[in-house]
Amino acid sequence: MATDTVSNPGESPDHVSDPRRRDFLNIAAVAFPAVGGGVAVLVPLINQMSPSADVLAQSTTEIDLTKIQPGQGVITSFRKQPLFVRNLTPKEIAEADAVPVGSLRDPETLEQRTKDGKKNWLITLGVCTHLGCIPLGINEGDNRGKFGGYFCPCHGSQYDTAARIRQGPAPKNLAVPDYKFTSPTTVLVG
Amino acid sequence: MSFPWAKNYEPKAPLMRWLDEKLPMPRLVYNAVGAGYPVPRNLNYFWNFGVLAGAALAIQIVTGIVLAMHFHSSAAGAFDSVNGTIMRDVNAGWFLRYAHANGASFFFIVVYIHIFRGLYYGSYKPPREMVWLLGVVIFLLMMATAFMGYVIVWGQMSFWGAQVITGFFSAIPGVGETIRVWLLGGYAPDDAALNRFFSLHYLLPFVIAGAIILHIWALHIPGSNNPTGVDVKGEQDTVPFHPYYTAKDGFGLLVYLALFSVVVFFFPDYLGHPDNYIPANPLSTPAHIVPEWYFWPFYAILRAFTSDFILPAKLWGVLAMFGSILLLFFLPWLDSSPIRSNTYRPKARIAFWVLVADVAILGYCGGSPASNTYIVLSQICAAYYFLHFLVILPMIARSERPTPLPNSITEAVLAKHGATAAAH
């Protein structure tokens, strides 16, 4: 190889550039199908773990509110997760409104967390935003914690009457799912 | 690799000679645990635990494969197939299930002793860093496997354990909740999660077995450490693995199996949580969610973070918990002392025992309810855990005056037993 370049000094630039161009073509020819094939294989392998169609299909729940008196709450399920439906008393609404929003870890007013004119209907997931336990407080006689809302004894997260996080490790308020009133006494969640 | 005085495999029977030419499997075994592997002559009983861990994995794989033949991996059938079919109807099913469930606990007991042995005698130090790194990988794989095995029984603790552990991932800023739903294949643990956990619970033990082969391979290049931590100087410092340590390990294995049998036959539920005999209920949380005992120290570190500081408390907890294990990867470089064995390191020895006590207290806190006393205690102990590895150990390595090392393993052995040996 060394003699090659020495014996044909005039051609040496070609000799140098030719293999480089060939190398590039080789790499490109292998890389394109490799990347394409890799993506084609990885996407289904990763995506198969997302919720399947039958899981997604369970995504709505209808709730009848007629039997829930002020001060009462019921626990039902939505997408296999517990759902808290609470009929707040005027006192509980006043307590929630009295809290300065700026002082909250996850600032939201009760108004933002309920529907217009339906401020007494607080509908949230019953899933502690810390590590997913079900907080106490929905049933009569439960420990409702320092702020009269919900209390997760597992790691000590305390929620107020608007189900907003007030103390403990949970980072967020109890989540409000998408829902709408289909009649004055019926709610469709999801 | 081995020491130059290691014996060579010499097959005598024609069949063994033929096999040695075509597939030298007996040669591999001979060089791994036979006379082909010279081992320091002074190993104490703490060196049994590697073999015991291998035996524990073998028990788990054998009992697990047969239990899988009777297990229903569906949210509707899992609990009943374990607590009904396997416990009552399958021949010897109760024995296999109890052996498998307690086998996991025993595997962790053995591995924890194996890890602390490595910490005390400096087995993580050069030239055995790779052995240690692979060991940490095996430990992580074990934790994942044990967690998924506990979940698929689908009792109350299983279900809520899955909810809490996958909840860790929702701590990732922005995409956390999406990742959690992807991992579970739904919004809460259900069929999809159960099935993928079952699939991985069956797969990972074989990955562990592969990692163990690498762990042993990496060990056999420098050869085994020993209680003095002094390098092997010559043939007089070693004995062939077989028959010396096969016999010693054999005895240890029998003691292990005796203790294991006592638990399996007389206290099969002692190490489990009674709530796991309640079928999984997505609408009711147990009063107090606890993992299996072998995760308690890490669970205590997770719960030690209760208030936000730059990052949310939840993210801190998760980072600290994973960090407490990932930290071990850096240990060979954090402790720069050239002396391996704590027998000759007076300060490091004290720090070691304080760490053992610290981890024990963390474990106790992790198994207790999250009341204020235990939280404060876990905070102190979690802080000390990190302090030990990141500050105390590197500082000791710089300031400590080790006591005189023996010139060789043989010298150390003779200093201890020479007088009595001479008297006989």
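Residues are numbered from 1 along each chain as its sequence is written, while chains are lettered from A and ligands numbered from 1 in the order of writing. As the model is predicted, local features need pLDDT of at least 70 and side-chain atom pairs count only at pLDDT 80 or more, whereas totals for chains, interfaces and linings use all residues; side-chain values use heavy atoms, with hydrogens and water left out.

Most residues other than glycine have a negative phi, and most peptide bonds are trans. In chain B, a cis peptide bond links P126(B) to P127(B), with omega about 5°. P127(B) is located in the loop between helix 5 (93–120) and helix 6 (129–152) of chain B; helices are DSSP runs of H or I with at least four residues, strands are runs of E with at least two, and both are numbered from the N terminus. A cis peptide bond also runs from H242(B) to P243(B), where omega is near 10°. P243(B) belongs to helix 10 (residues 241–266) of chain B.

In chain A, R79(A) is not a glycine, yet its phi is positive at about 50°. R79(A) occupies the loop between strand 2 (73–78) and strand 3 (81–87) of chain A. Because its relative accessibility is 26%, R79(A) counts as partly exposed (buried means under 20% relative accessible area, exposed over 50%, and partly exposed in between, with a 1.4 Å probe and protein chains only). A163(A), likewise a residue other than glycine, has a positive phi near 60°. A163(A) is placed in the loop between strand 6 (157–160) and strand 7 (165–167) of chain A. Its relative accessibility is 0%, and A163(A) therefore counts as buried.
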